Amino acid sequence: MSDVDRTPPRVHLRINGQKLEKGSGGTYDHISPVTEQVDAQIPLAGEEEIDLAVSKAHEAFQIWKRMSPAQRREPLKKLADLIEANSAEFARLGVLDNGTPVTIGSAFPATSAEWTRYYAGWADKIQGDVTGNPVQDGELGYTLAQPYGVVGIIITWNGPLISLAMKIPPAVAAGNTVVVKPSELTPFSGELFMDLVEEAGFPPGVINVLPGTAEAGARLVAHPLVKKVSFTGGPATATKILETCAPDMKPAVLELGGKSANIVFEDADIEAACQLGTTFSLIALSGQGCAFATRMIVHEDVYDQVVEQVKLIAENIPIGDPFDPGTMSGPVVNEAAAKRIIGMIERAKEQGATLVTGGARIDRAGYFLQPTVFTEVDPASELAQTEVFGPVLAIFKFSTEKEAIALANGTRYALSSYVQTRDLKRAIRVAAELEAGETLINGAVNLQVGRPFGGFGLSGAGKEGGRQGIEEFLRIRSVGIAI
């Protein structure tokens, strides 16, 4: 793969249509997860640049909120087309950002374009309600669905393009402006995204993207002109965000982690269930996904068959250079992640779980880990209760439907859940009992834009996707006129 362009783009702080090459937060040495070598120096925003970006976004909001719905819709439509037209480059940047293989990352631009196009379609469909009848109530009452103002957005590193597309389009379609702090671990996709934002014709200041320090993120959340926060990441940071928002009762959308269960009943399509279970725990993004099915809960009648098949799949996953079209799984994001995951694997063994396969780093440059499968996992153990965010799958056994539901609901997370069965009545019955923001049955596709996505408990609050996704960025006012 020597002919592949592995050169990262120059990253800037994108504020009010300007490209700043330096920030008061200093710089960050971006380390390639494939080579473990520094491949770029990323400028970081500090509080100074956050204040500037929020100020410019607030100025832009005064114009953007008064533009017609069609005027807000058109640049979003153009942006969707541009994302699709730049699919190959986004896939290339995904490798450079965090080692996502091109075979996996090539699907993300189409999904991101669809999210952008979907919310472009919502821009001219924001309506209020008539609430008072002049004859019966003596008044004409109605509601106004209005934007908040400046929305502060903080995204994590595992899917930078998808995160941008899930958060920015609904916010700006609703009439808000945004200041986005992406992770410095994955800055490259955001740079191209902002190039396309400008090409699509958004007015300066409507969308601002600037990697920054932790202090910059804290300032963004606390800024008095930021009227709502949208965050994707972990519960620890989310707790700090809520503490900052609390004095002003500032609302926040929180898309956090998961420990999603994949229930495999005895009548399931076993081959399909095993393929889905290993893909969305060990293969895709090297297990670094919040909604992945990291707990496989299997009926005792097919348990041995499932374990054997999962082991076979896990041991034959093509792992290697993410630029190689034959590679299905790449490295984890950095050395800290690799050490953390290996630590959890070692503790799982110490706590009595049975290692079926994997369990170690791969002997090569880069942060590559063996796909790892455990059985005989204590449901109360760390491995069963804590998000690994790496290529580790725990398999459990059940005998009754009630037991399966109890196992599935037995964590503080409640983001996604999966059910595999040919019995549709049972699937619907079980789905109604699962405590999760979504249940996907027999391979239903994750992150369909028309379906709201978001969990409860440690998995967060609020929704992205669907009508609810744009309603998150609208606040309702009421007006009454005495007749």
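L285 sits in the loop that runs between α10 (270-283) and β13 (295-299), where helices (H or I, at least four residues) and strands (E, at least two) are DSSP runs numbered from the N terminus. This is a predicted model, in which local features need pLDDT of at least 70, side-chain atom pairs count only at pLDDT 80 or more, and totals for chains, interfaces and linings use all residues. Residues are numbered from 1 along each chain as its sequence is written, and side-chain values use heavy atoms, with hydrogens and water left out.

Backbone
- L285 has a positive phi near 55 degrees although it is a residue other than glycine, and at 12% relative accessibility L285 counts as buried (buried is under 20% relative accessible area, exposed over 50%, partly exposed in between, with a 1.4 Å probe and protein chains only).
- L447, in the loop between β19 (438-441) and β20 (456-457), likewise has a positive phi, near 60 degrees, and is partly exposed at 22%.

Aromatic pairs
- The structure holds six aromatic pairs (ring centres of Phe, Tyr or the six-membered ring of Trp within 6.5 Å; planes under 30 degrees apart are stacked, over 60 edge-to-face and the rest tilted).
- W157 and F389 pair edge-to-face, at 5.4 Å centre to centre and 85 degrees between the planes, and they are 232 residues apart; both are buried.
- F265 and F398 are also edge-to-face, with centres 5.4 Å apart and planes at 80 degrees.
- F265 lies in a loop and F398 in strand β16, so this pair ties together parts 133 residues apart in sequence.
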